Amino acid sequence: LLLNGAAMTQAESTDTQEKTLETRKVQLQKQQEKAAEATEKREAAQEKVEEKKTQLQEKRVENIEKACEASAQRISLWQSKYVNNQAQLERVTSKLYEVTEKLITRSLSAGKDTTKLEEALAAFKLKVATLKSENNKLVAALESAQGLACGESEGAYKEAIRTIQNQAKVA
């Protein structure tokens, strides 16, 4: 009986060990499944993050392109404005020079002193020449800025815009 009890205890012990081993296998399998799920979730989250980064980068590039297009349009508008202003200045000043010179000629024929008027005309011509020169510089700066690629010129575009703005203040 004692042997029989010892055999049963040993059989029970083996049975318990097998159950414990089976339980551990199941637990290990569940842990592995949880780890696999966690890895999948982490990878999915990383994919979402990468997708968001890509979307943001694309949006940033799109915004830069829009800003560059708007800037190029402004530069073109400024350029045409200053070219038109220059043409109008030329028309007005040439007419003014013509009228003033006729006045000087008539005044001289009448025996009047025209030195102050001639000095004023010379000073005016000098100022107009300076203005034309500044206008030409501004138009040249605008043309050079149009040749630069906005967003790709390592700050040269931004510097060109600053130069144009400063030049516009002078002109």
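**Contacts and surroundings**

A: The side chains of E90 and K132 meet in a salt bridge, at 2.5 Å from N to O. A salt bridge here is a side-chain nitrogen of Lys or Arg within 4 Å of a carboxyl oxygen of Asp or Glu. Because E90 lies in helix α1 and K132 in helix α2, the pair ties together parts that are 42 residues apart in sequence.

Q: What kind of model is this, and how are the residues numbered?
A: This is a predicted model, in which local features need pLDDT of at least 70 and side-chain atom pairs count only at pLDDT 80 or more, while totals for chains, interfaces and linings use all residues. Residues are numbered from 1 along each chain as its sequence is written, and side-chain values use heavy atoms, with hydrogens and water left out.

Q: How many helices and strands are there in the protein?
A: The protein has three helices and zero strands, and its pattern along the sequence is α-α-α. Helices (H or I, at least four residues) and strands (E, at least two) are DSSP runs, numbered from the N terminus. Helix α1 covers residues 2-109, and helix α2 covers residues 115-147.

Q: How many salt bridges does a search of the whole structure find?
A: The search finds six salt bridges. One of them, between E90 and K132, has been described above.

Q: Which residue forms a salt bridge with E62?
A: E62 forms a salt bridge with K66, and the closest N and O atoms are 3.5 Å apart. Both residues lie in helix α1, four residues apart, which is about one turn of the helix. E62 counts as partly exposed because its relative accessibility is 34%.

Q: What about K102, which residue does it form a salt bridge with?
A: K102 forms a salt bridge with E98, with the closest N and O atoms 3.6 Å apart. K102 and E98 are both in helix α1, again four residues apart, or about one turn of the helix. K102 is partly exposed at 48% relative accessibility, and E98 is partly exposed at 40%.

Q: Changing topic, how many aromatic pairs does the structure hold?
A: The structure holds one aromatic pair. The rings of Y97 and F124 have centres 6.2 Å apart and planes at 75 degrees, so the pair is edge-to-face. The pair links distant parts of the chain, with Y97 in helix α1 and F124 in helix α2, 27 residues apart.

Q: What are the cut-offs for such a pair?
A: Rings of Phe, Tyr and Trp (its six-membered ring) pair if their centres lie within 6.5 Å; planes under 30 degrees apart count as stacked, over 60 as edge-to-face and the rest as tilted.

Q: Is Y97 buried or exposed?
A: Y97 is buried, because its relative accessible area is 16%. F124, in contrast, is partly exposed, with a relative accessible area of 32%.

Q: Which residues gather in the patch of negative charge on the surface?
A: The patch consists of E33, E37, E40, E43, E47 and E51. Patches are made of residues with over 30% relative accessible area and no salt bridge, with like charges joined within 9 Å and nonpolar side chains (Val, Leu, Ile, Met, Phe, Trp, Tyr) within 5 Å. E43 lies in helix α1 and is partly exposed, with a relative accessible area of 43%.

Q: How far apart are N135 and N85 in sequence and in space?
A: N135 and N85 are 50 residues apart in sequence and 8.8 Å apart in space, from C-alpha to C-alpha. N135 is found in helix α2 and counts as buried, at 4% relative accessibility.

Q: And E118 and I104, how far apart are they?
A: E118 and I104 are 14 residues apart in sequence, and 7.5 Å separates them in space, C-alpha to C-alpha. E118 is in helix α2 and is partly exposed at 35% relative accessibility.

How values were computed: Accessible areas come from the Shrake-Rupley method with a 1.4 Å probe; for residues, only the protein chains shown count as cover. Lys and Arg count as positive and Asp and Glu as negative; His and the chain ends are not counted. The place of a charge is taken as NZ of Lys, CZ of Arg, CG of Asp or CD of Glu. Buried means under 20% relative accessible area, exposed over 50%, partly exposed in between (1.4 Å probe, protein chains only).
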